[in-house]
Amino acid sequence: MAQKKAPSGRKSSVRTARNASSRPLGFYLILGAITAAGVGGLAYAALRSGPSTTVADAPVPVTPGSGTARGYLLGDSAAPVQIVEFADFECPSCARFATITEPDVRTRIIETGLANLTYFDLPLPQHINSQPASNAAACADDQGRFWAMHDQIYARQHEWSTYATKNPKGSLRAAAQAAGLDLRAWVECYDSRRHQARIDANAAEAGRRGVNSTPTFFIGGKMYTGPMTYDEVKAAVDSARAAAGAAGSDTSR
């Protein structure tokens with residue numbers, strides 16, 4: 001197939017320069033706007049692609065009490081480092097962390113005593129069924145089965161989420177059964193919504209700490225936003241342990 005012959009030498013350069021200089025100013029303004037938007041989008045994507053550290057942590061209330069923020073503790077309460085997680089049961093990134101990353105965190109960090117983990121539920125308003133899920137998990141805690149229910153809720157997110165159903169109770173009940181709960185007691189608790197004050201208080205605690213997305217973690221006095229990998233959690237725990245050791249040395253002098 002014949003091809004169009006390309007112009008050569010100085011004539012080609014002059015023609016290209018003329019074509020460029022003859023374009024209207026609006027063309028360059030539009031091109032500049034598109035470039036700026038692209039750069040901005042890439043910067044936003046970079047910021048969202050991994051965890052970032054920002055603000056200092058604060059003491060976490062873990063003692064029981066009506067209407068006070070009270071997370072769900074996993075591991076040794078006296079562990080040298082505390083991992084605090086704010087998460088939404090209907091948040092896909094939270095589910096990814098819970099089902100893919102967290103098993104390694106439990107086995108290699110929590111169970112070895114390097115740190116403990118405290119979970120605060122933060123139902124986001126756009127996830128309508130997240131409130132019932134928090135209610136379901138709080139009722140499981142009455143039977144000492146919060147973490148078993150936590151795992152079932154995240155594993156079955158596709159069954160009870162806002163996109164799947166307008167009435168999540170049946171799917172959450174199935175999760176409760178799989179978690180080994182006394183269903184009669186669980187249903188009575190679920191229907192009474194007796195733990196709503198705790199759920200609201202946990203959300204308020206998130207606001208007090210400046211949390212505006214899920215999942216968000218606090219490790220060693222630093223806030224990490226976005227889903228973390230195991231290596232990132234381990235590095236943050238190691239850093240917190242090193243800092244705590246240095247602080248202990250300073251204190252003993």
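Helices here are DSSP runs of H or I, at least four residues long, and strands are E runs of at least two, both numbered from the N terminus. This is a predicted model, where local features need pLDDT of at least 70, side-chain atom pairs count only at pLDDT 80 or more, and totals for chains, interfaces and linings use all residues. Residues are numbered from 1 along each chain as its sequence is written, and side-chain values use heavy atoms, without hydrogens or water.

Is Asn-202 buried or exposed? Its relative accessibility is 0%, so Asn-202 counts as buried. Buried means under 20% relative accessible area, exposed over 50%, partly exposed in between, with a 1.4 Å probe and protein chains only.

What does Asn-202 touch? Contact means heavy atoms within 4.5 Å. Leaving aside neighbours within four places in sequence, its contacts include Thr-68, Arg-70, Tyr-72 and Phe-120. Asp-121 is also among them. The side chains of Asn-202 and Asp-121 are joined by a polar contact of 2.8 Å. That term means a pair of N or O atoms within 3.5 Å; within protein, one must be able to donate a hydrogen and the other to accept it, and residues adjacent in sequence count only if both atoms are side-chain atoms.

Now the whole protein. It has 10 helices and five strands. Of its 253 residues, 39% are buried. Take contacts between residues at least 6 apart in sequence: 76% join residues at least 24 apart.

Last, a helix pair. In α4, Pro-132 and Cys-139 are among the residues that meet Trp-186, Cys-189 and Tyr-190 in α8.
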